[in-house]
Amino acid sequence: MRILVTGAAGFIGSTVVDRMLADGHSVVGIDDLSSGRMENLAQAAADARFSFEKGDITSPDLGDFVARVRPDAVAHLAAQIDVRISVADPLLDARLNVLGTINLLEAARAAGVAKVIHTSSGGSIYGTPAALPVDESVPPAPESPYAAGKAAGELYLNVYRVTYGVATTALALGNVYGPRQDPHGEAGVVAIFGTAMLEGRPTKIFGDGTTSRDYVFVGDVADAFARCVPAQAANGLRINIGTGAETTVLDLHSRIARVVGVPDEPQFAPPRPGELQRISLDVGLAEREIGWRPRMDLDGGLTRTVNWIRARISAHAAASGSAGVTG
């Protein structure tokens, strides 16, 4: 099959690209490179079945591009992903995450795309649930513009499925972490903590550290996208993609410090607006509908991520002739 991946140069998008190629698909990536990096696509670029286009999903030219590519399925990962930015500039967030998603859906409809897999946010759309882990029967209750935009995207998915016959699945992701996550980008506490510790810089926890998240490894996320490529796979559903486990920021910091081999000594700062106190995702529907379950445990995933960060820092240090890495 021919798969279009939006946000292809991001850390999740590029991992999805690699997985689709490994599954035997041909893949076209599109990214405006505002936060994604071409180095994330180095492995894919060596494959003749991959091609890339620099482009913006909000552009009026997107329809012509999708019509030319004529993909069988779209994995839609292009987005504004920072809750803080959404709080500071709700219009920007809506333009990228709501209008951009509608623009993509319309392009997909016009081009006869069979399946659109949309990236939703299990870490934010449910608001503050009464009980954890939260399953898909709980209605969205957004508490930030970012979460509202993701919930709106799901509503439009349903419209395009019912009205135009485009098969759709929304994957409600937990807090995704893993290799290629940018510590200087829009999000990613694992990359931020790991990089700071390896470089010998202080780390900062916002709030008292008791906030919890459901951390899911990027390779497991790519597996979920791969399982949703067939048109009828989880058609019309939102599927939680997480682990079902809560991990506090304090515990996460301790685990990363242990992997890096440095003291567990964070600094503390006031909490940030728009962020939830607790979340974890029930993933039973994912196993029932697409045979998916998380395979990477947190310590194993943190070790892989820290090793990748360490190698990247070392490579940059060697290129610039600077000093080595902690740990």
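## Helices α5 and α6

In this predicted model, helix α5 (residues 90-111) and helix α6 have axes that come within 9 Å and cross at roughly 15°. That angle is under 35 degrees, so α5 counts as roughly parallel to α6. The crossing of the two helices is right-handed.

On the α5 side, the residues that meet α6 are Pro90, Asp93, Asn97, Val98, Thr101, Ile102, Leu105, Glu106 and Arg109. Their partners in α6 are Pro145, Tyr146, Gly149, Lys150, Ala152, Gly153, Tyr156, Leu157, Tyr160 and Tyr164. Sorted by class, the contact of α5 with α6 holds 11 nonpolar, 4 polar and 4 charged residues.

## Helices α7 and α9

Two packed helices are described by the angle between their axes and by the distance between those axes. For helix α7 (residues 189-198) and helix α9 (residues 249-260), the axes come within 10 Å and cross at roughly 40°. This makes α7 oblique to α9. The helix α7 passes α9 in a right-handed crossing.

From α7, the residues Val189, Val190, Phe193, Gly194, Met197 and Leu198 take part in the contact with α9. They meet Val249, Leu252, His253, Ile256, Ala257 and Val260 of α9. The contact of α7 with α9 comprises 10 nonpolar and 2 polar residues, with no charged residues.

How many of the 10 residues of α7 are buried? The number is 8, and the helix is mostly covered. The buried residues of α7 are Val190, Ala191, Phe193, Gly194, Thr195, Ala196, Met197 and Leu198.

The elements that cover these buried residues include the strands β7 (175-177), β8 (204-206) and β10 (215-217). The helices α9 and α11 (298-320) are also among them. Just after α7, Gly200 adopts a positive phi of about 75°.

## Helices α9 and α11

The helix α9 also packs with α11, at an angle of about 55° and with the axes 10 Å apart. This makes α9 oblique to α11. The crossing of α9 and α11 is right-handed.

In α9, Leu252, Arg255, Ile256, Arg258, Val259 and Val260 form one side of the contact with α11. The residues of the contact of α9 with α11 divide into 7 nonpolar, 1 polar and 4 charged.

## The protein as a whole

The protein has 11 helices and 13 strands. Its radius of gyration is 19 Å, close to the 20 Å that the globule rule gives for 327 residues, so the protein is as compact as a globular protein of that length. The C-alpha trace spans about 55 × 50 × 40 Å along its principal axes.

Of the 327 residues in the protein, 52% are buried. Among contacts between residues at least 6 apart in sequence, 81% join residues at least 24 apart.

## Backbone features in loops

The peptide bond from Leu132 to Pro133 is cis, with omega near -5°. Pro133 is placed in the loop between β5 (115-121) and α6 (145-164).

Which residues other than glycine take a positive phi? One is Leu33, at about 60°; another is Ala234, with phi near 55°. Leu33 lies in the loop between β2 (26-31) and α2 (42-45), whereas Ala234 lies in the loop between α8 (218-227) and β11 (237-241). Leu33 counts as partly exposed because its relative accessibility is 27%. Ala234, with a relative accessible area of 3%, is buried.

## Ser26 in strand β2

Ser26 belongs to strand β2. Is Ser26 buried or exposed? At 18% relative accessibility, Ser26 counts as buried, the cut-off being under 20%.

Leaving aside residues up to four places away in sequence, Ser26 touches Met1, Arg2, Ile3 and Arg49.

Note on methods
Residues are numbered from 1 along each chain as its sequence is written. This is a predicted model: local features need pLDDT of at least 70, side-chain atom pairs count only at pLDDT 80 or more; totals for chains, interfaces and linings use all residues. Side-chain values use heavy atoms; hydrogens and water are left out. Axes are lines fitted to C-alpha atoms, for helices over the stretch in contact, and angles run from 0 to 180 degrees between N-to-C directions. Helices (H or I, at least four residues) and strands (E, at least two) are DSSP runs, numbered from the N terminus. Angles under 35 degrees count as roughly parallel, over 145 as roughly antiparallel, 65 to 115 as roughly perpendicular and the rest as oblique. A crossing is left-handed if the near helix is turned anticlockwise from the far one by less than a right angle, and right-handed if clockwise. Contact means heavy atoms within 4.5 Å. Ala, Val, Leu, Ile, Met, Phe, Trp, Tyr, Cys and Pro count as nonpolar, Asp, Glu, Lys and Arg as charged, and the others, Gly among them, as polar. Buried means under 20% relative accessible area, exposed over 50%, partly exposed in between (1.4 Å probe, protein chains only). The radius of gyration is taken over C-alpha atoms; the globule rule is 2.2 Å times the number of residues to the power 0.38.
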